[in-house]
Amino acid sequence: MNEEVQKALDAAASASTDSQRLEMMRAALLGQAMGQAIVQGMQAQQPQGCQHQHKEPVNVGKWLAIGAAVCVGGLGIAVGFLAVAIAAPCATVCLVVLRGVWRDFQKGR
């Protein structure tokens, strides 16, 4: 009977050790699940974007095109005014000369 008691004691010790191992594995799995839940909770709490309104990004190409158009247009207007400034005295001189020729023609010269 002593052998049977020894076998029972060995089986009880083995079961105790197996039970402790199972408890350790269960605790490890539970800890891992809790860690994943915490990480997922932190990710869910992070805002997806800021709450304030963002300004539109500056479209540099558009402003360069407007600036170039203003420069070309201003240059065209300047050339036009220069043409008028040159043409006005030329027309005046031409009219004065023609008036003198007309007067000479009328006097018979």
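Mentor: The following dialogue takes up helices, surface, aromatic rings and cysteines in turn. Please keep in mind that this is a predicted model.

Trainee: How many helices and strands are in the protein?

Mentor: The protein has two helices and zero strands. One of them, helix H2, covers residues 60-107. H2 has 48 residues, and from its first C-alpha to its last it reaches 70 Å, close to the 70 Å expected at 1.5 Å a residue. Just after H2 comes Gly108, with a positive phi of about 95°.

Trainee: What share of the residues is buried?

Mentor: A residue counts as buried under 20% relative accessible area. Of the 109 residues in the protein, 0% are buried. The accessible surface of the protein is about 10300 Å², and carbon and sulfur atoms account for 67% of this surface.

Trainee: Which residues form a nonpolar patch on the surface?

Mentor: The patch consists of Val58, Val60, Trp63, Leu64, Ile66 and Val70, which together have about 640 Å² of accessible area. Val70 lies in helix H2. This residue counts as exposed because its relative accessible area is 55%, and the cut-off for exposed is over 50%.

Trainee: How many aromatic pairs does a search of the whole structure find?

Mentor: The search finds one aromatic pair. Its members are Trp102 and Phe105, with 5.9 Å centre to centre and 35° between the planes, so the pair is tilted. Both Trp102 and Phe105 are exposed.

Trainee: Why are Trp102 and Phe105 separated by about one helical turn?

Mentor: The general idea is that an α-helix has 3.6 residues a turn, so residues three or four places apart point the same way. Here, Trp102 and Phe105 are three residues apart in helix H2, and therefore about one helical turn separates them.

Trainee: How many disulfides are found in the whole structure?

Mentor: A disulfide requires two cysteine sulfur atoms within 2.5 Å. The search of the whole structure finds zero disulfides. For Cys90, the closest cysteine sulfur is in Cys94, at 8.9 Å, which is too far for a bond.

Trainee: Are Cys71 and Cys90 exposed or partly exposed?

Mentor: Cys71 is exposed, at 56% relative accessibility, whereas Cys90 is partly exposed, with a relative accessible area of 47%.

Terms used. Residues are numbered from 1 along each chain as its sequence is written. This is a predicted model: local features need pLDDT of at least 70, side-chain atom pairs count only at pLDDT 80 or more; totals for chains, interfaces and linings use all residues. Side-chain values use heavy atoms; hydrogens and water are left out. Buried means under 20% relative accessible area, exposed over 50%, partly exposed in between (1.4 Å probe, protein chains only). Helices (H or I, at least four residues) and strands (E, at least two) are DSSP runs, numbered from the N terminus. Accessible areas come from the Shrake-Rupley method with a 1.4 Å probe; for residues, only the protein chains shown count as cover. Rings of Phe, Tyr and Trp (its six-membered ring) pair if their centres lie within 6.5 Å; planes under 30 degrees apart count as stacked, over 60 as edge-to-face and the rest as tilted. Patches are made of residues with over 30% relative accessible area and no salt bridge: like charges are joined within 9 Å, nonpolar side chains (Val, Leu, Ile, Met, Phe, Trp, Tyr) within 5 Å. A salt bridge is a side-chain nitrogen of Lys or Arg within 4 Å of a carboxyl oxygen of Asp or Glu. The expected span of a helix is 1.5 Å times one less than its number of residues.
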